[in-house]
Amino acid sequence: MAKQAKKRATRKTAARRPRQAPKMLSDLFLETLKDIYFAENKILKTLPKMAKAAHSKQLAAAFNKHLRETQGQVKRLEQIFRMLGKPARGKPCEAINGITDEGAEIMKDFKGAPALDAGLLAAAQAVEHYEISRYGTLRTWAEELGMADAARLLQATLDEEEATDHALSELATSVINLEAEQEMREAA
Ligand SMILES: [Fe+2]
């Protein structure tokens, strides 16, 4: 095909293609909802493994408590999907996959080691911080989109994530002290 004719044909095809609607904040809200829905379901699978691996009973209890909360958080997200008239569907989120992969690596590399709990705590807090960031954004967008009920549900989850983060921070001090004592005993 001559160069000019080829150009004309390309122009014709492009003209026939329906123009895509501009992406709005509501589209971004739905995409991010799918992202966090995927993340919560991934966390549901990860938390029991972390609870099982933890040496500290308190840490295992904190993971189990958050597992129950996470089940409720998934239900809240499903409620929001229903409000939007959309099916509850996750979209693979590389960020949460990366954070949970790191956690899995710690569980493998530090199995039976005194520093395991400190590593588990750090991994769990990385997850919480990711979720806090996402839920803060989603809550603000829901408010901007005039979705007061969705904003309330997202705020309820955000409160739980923040409370979990604080509880883990407090546990970190006792867990790390305990490990330091154990290391000193082993060194003596
Ligand atoms: Fe969560």
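This passage describes the helical fold of a predicted model, with attention to helix H4 and its packing against helix H2.

The protein chain contains six helices and zero strands. Along the sequence the pattern reads α-α-α-α-α-α. Of its 188 residues, 28% count as buried. Contacts between residues at least 6 apart in sequence were also examined, and 77% of these join residues at least 24 apart.

Helix H4 (residues 94-109) has 16 residues. From the first C-alpha to the last, H4 reaches 22 Å, close to the 22 Å expected at 1.5 Å a residue. Five of its residues are buried: Ile96, Ile99, Thr100, Gly103 and Ile106. They cover an arc of only 105° around the axis, which puts them on the same side of H4. An α-helix has 3.6 residues a turn, so residues three or four places apart point the same way. The other side of H4 carries exposed residues, namely Glu94, Gly98, Asp101, Glu105, Lys108 and Asp109. The cover over the buried residues of H4 includes H2 and helix H5 (116-144).

Helix H2 (residues 25-53) packs with H4 at an angle of about 10°. The two axes lie 11 Å apart. Angles under 35 degrees count as roughly parallel, and H2 and H4 are therefore roughly parallel to each other. On the H2 side, the contact involves Ala39, Lys42, Thr46, Lys49, Met50 and Ala53. These meet Ile96, Thr100, Gly103 and Met107 in H4. By class, this contact comprises five nonpolar, three polar and two charged residues.

Key. Residues are numbered from 1 along each chain as its sequence is written. This is a predicted model: local features need pLDDT of at least 70, side-chain atom pairs count only at pLDDT 80 or more; totals for chains, interfaces and linings use all residues. Axes are lines fitted to C-alpha atoms, for helices over the stretch in contact, and angles run from 0 to 180 degrees between N-to-C directions. Helices (H or I, at least four residues) and strands (E, at least two) are DSSP runs, numbered from the N terminus. Angles under 35 degrees count as roughly parallel, over 145 as roughly antiparallel, 65 to 115 as roughly perpendicular and the rest as oblique. Two residues are in contact if their C-beta atoms, placed from the backbone, lie within 7 Å. Ala, Val, Leu, Ile, Met, Phe, Trp, Tyr, Cys and Pro count as nonpolar, Asp, Glu, Lys and Arg as charged, and the others, Gly among them, as polar. The expected span of a helix is 1.5 Å times one less than its number of residues. A residue is buried if 20 or more other C-beta atoms lie within 10 Å of its own, exposed if 12 or fewer, and partly exposed in between; C-beta atoms are placed from the backbone. The arc is that of the directions from the helix axis to the C-beta atoms.
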